[in-house]
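Subject: Structure handover

Hello,

Here is the structure I promised to pass on. Please open it and keep it beside you while you read my notes.

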Amino acid sequence: MKLKLISNLACPLCGKADSRSFAVTKDYNWGISGSFNYFRCTDCGLVFQNTKCLGKKISQLYPKFYGTHSADSTEDFESKINTRANSIRAETLENFLASGAIFDVGCGSGFFLKFMRRRGWDVSGLDPAQEHVTFATDKLGLDNVSTGGWPPTYSKMKKVDVVSFLHVIEHLTHPTMAIAAAKNMMVPGGLLLIETPNIKSWPARIFRSRWVALDAPRHLNLFSPDNLQYALKKADFEILYVTTYSPSTMEYSESFRYALADLNLYRRFDSNQHIDNMSSIEGSEKNSQVSNPIQRLKQMGLHCERLFINYINGLADWMGSGCNILILARAV
Ligand SMILES: [Zn+2]
């Protein structure tokens, strides 16, 4: 793959036209064809994709089952609603505001909104995928979820106390416009909650082009805690809280498998197997009734892997290099 080292593309965050190549990579997660170029801004450090070279519309980069709506039983719904990540997000928010109206941009299947409604919040949201909205409405009983992109094309939106972007801002072509639009639909002093992959995390540094959360070509902008704070301050937000945390072992285990696959030491997942493999890794401890000795060994291996990575995750989180950035800011 041809590597272009220096670019005069304008940075989507600070606007400076001076960046260096970060990675030329491929779609490890879903197998969309092509190679994808990422650059790092020399000024603010944002890592961004050169979308001019995509040769495809952004909407063509998403497979049908991208996202979180694959659960098909009540038990699965509960395991996706009552996650550690949702608890951390809610507690972060409720340290500053006990309850109110929250609007989730890119709400996916609505699991976070369902979690917040159970805690007494007035919830609403929007997602570009109709199947997610149908799922949120029909399966989770959420009635204020609609289909659409961000920023919204219509101007009359109900003002809310909180707007959230959970693993969304990295997908948007114009992150600064997205933040400004969020401010427009807040009451004065409203709160903005953002969670996004951390380009300064240990797995991002170790695996780089094979980092599972790079998710090329769908992730367009990858932030660090510093430049995400810069983006919010530039949009007249006061930073209330910022942390990094690692909710799962996947960023190490999947990225490592992608590296092994490139060395022909592991059979890479095809896109149809991707979700099944991810869930079997994450849920391996639940499957205790496996009788096949090979499967039992595999399960023991996965269990040891999880224990080891959880230890690494704890250390990284403590040192501020966790997988996700979680930030809460107040409009001023
Ligand atoms: Zn920049």
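Is Asp 215 buried or exposed? Asp 215 is buried, because 21 other C-beta atoms lie within 10 Å, and the cut-off for buried is 20 or more. Asp 215 sits in the loop between α6 and β10. Its phi is positive, about 45°, although Asp 215 is not a glycine. Most residues other than glycine have a negative phi.

One caution before going on: this is a predicted model.

**The whole chain**

The protein chain has 332 residues, and 39% of them count as buried. Its secondary structure comes to 10 helices and 12 strands. Take the contacts between residues at least 6 apart in sequence: 71% of these join residues at least 24 apart.

**Around β8**

Start with strand β8, residues 160-166. Of its 7 residues, 6 are buried. β8 pairs with strand β5 (residues 101-105) in the parallel sense, over 4 bridges. Find Val 105, and you will see that its bridge partner in β8 is Phe 165. β8 also runs parallel to strand β9 (residues 186-197), joined by 6 bridges. There, Val 160 stands opposite Met 186 in β9.

Helix α5 (residues 175-184) belongs with these strands: β8, α5 and β9 make a right-handed β-α-β unit. In α5, the buried residues are Pro 175, Ala 178, Ile 179 and Ala 182. Seen down the axis of α5, they fall within an arc of 95°, so they line one face of the helix. An α-helix has 3.6 residues a turn, so residues three or four places apart point the same way. The buried residues of α5 pack against several elements, including β5, β8 and β9. Helix α7 (225-234) is also one of their packing partners.

Now turn to α7. Pro 225, Asn 227, Leu 228, Ala 231 and Leu 232 are buried in this helix. What covers them includes α5, β9, β11 (237-245) and β12 (324-331). Asp 236 lies in the loop between α7 and β11. Asp 236 is not a glycine, yet its phi is positive, about 65°. Asp 236 counts as partly exposed, because it has 13 C-beta neighbours inside 10 Å.

**The core**

Which residues touch the most other members of the largest nonpolar core? They are Leu 46, Val 105, Val 163 and Leu 192, in a core of 72 residues. This core draws at least three residues from each of domain 1 (6-60) and domain 2 (74-249 + 316-331). Look at Leu 192 and leave aside its neighbours within four places in sequence. Leu 192 is then in contact with Val 163, Ala 182, Phe 237 and Ala 329. In soluble globular proteins, nonpolar side chains tend to be buried together.

**The open sheet**

Another part to find is an open sheet of 5 strands, in the order β1-β2-β3-β4-β10, with antiparallel pairing. Its edge strands are β1 (6-7) and β10, and each pairs on one side only. Strands β2 (residues 19-25) and β3 (residues 36-41) are joined by 6 bridges. Ala 23 stands opposite Tyr 38 in β3.

In α4, His 132, Val 133, Phe 135 and Ala 136 are buried. They cover an arc of only 160° around the axis, which puts them on the same side of α4. Gln 130 and Asp 138 are exposed on the other side. The buried residues of α4 pack against β6 (122-127) and β7.

Leu 140 is in the loop between α4 (130-138) and β7 (145-147). Leu 140 counts as buried because it has 20 C-beta neighbours inside 10 Å. Leaving aside neighbours within four places in sequence, Leu 140 is in contact with Phe 77, Gly 110 and Lys 114. Leu 140 and Leu 113 are 27 residues apart in sequence, and 9.5 Å apart in space from C-alpha to C-alpha.

**Two cis bonds**

Most peptide bonds are trans. Here, the bond from Trp 150 to Pro 151 is cis, with omega near 0°. Pro 151 is in the loop between β7 and β8. The bond from Ala 216 to Pro 217 is also cis, with omega near 5°. Pro 217 lies in the loop between α6 (202-207) and β10.

Best wishes

Terms used
Residues are numbered from 1 along each chain as its sequence is written. This is a predicted model: local features need pLDDT of at least 70, side-chain atom pairs count only at pLDDT 80 or more; totals for chains, interfaces and linings use all residues. A residue is buried if 20 or more other C-beta atoms lie within 10 Å of its own, exposed if 12 or fewer, and partly exposed in between; C-beta atoms are placed from the backbone. Two strands pair if DSSP finds at least two bridges between them. A crossover is right-handed if, with the strands pointing away from the viewer, the path from the first strand over the helix to the second runs clockwise. The arc is that of the directions from the helix axis to the C-beta atoms. Two residues are in contact if their C-beta atoms, placed from the backbone, lie within 7 Å. A nonpolar core is a set of buried Ala, Val, Leu, Ile, Met, Phe, Trp, Tyr and Cys residues joined through C-beta atoms within 7 Å. Domain bounds come from an automatic or database domain assignment.
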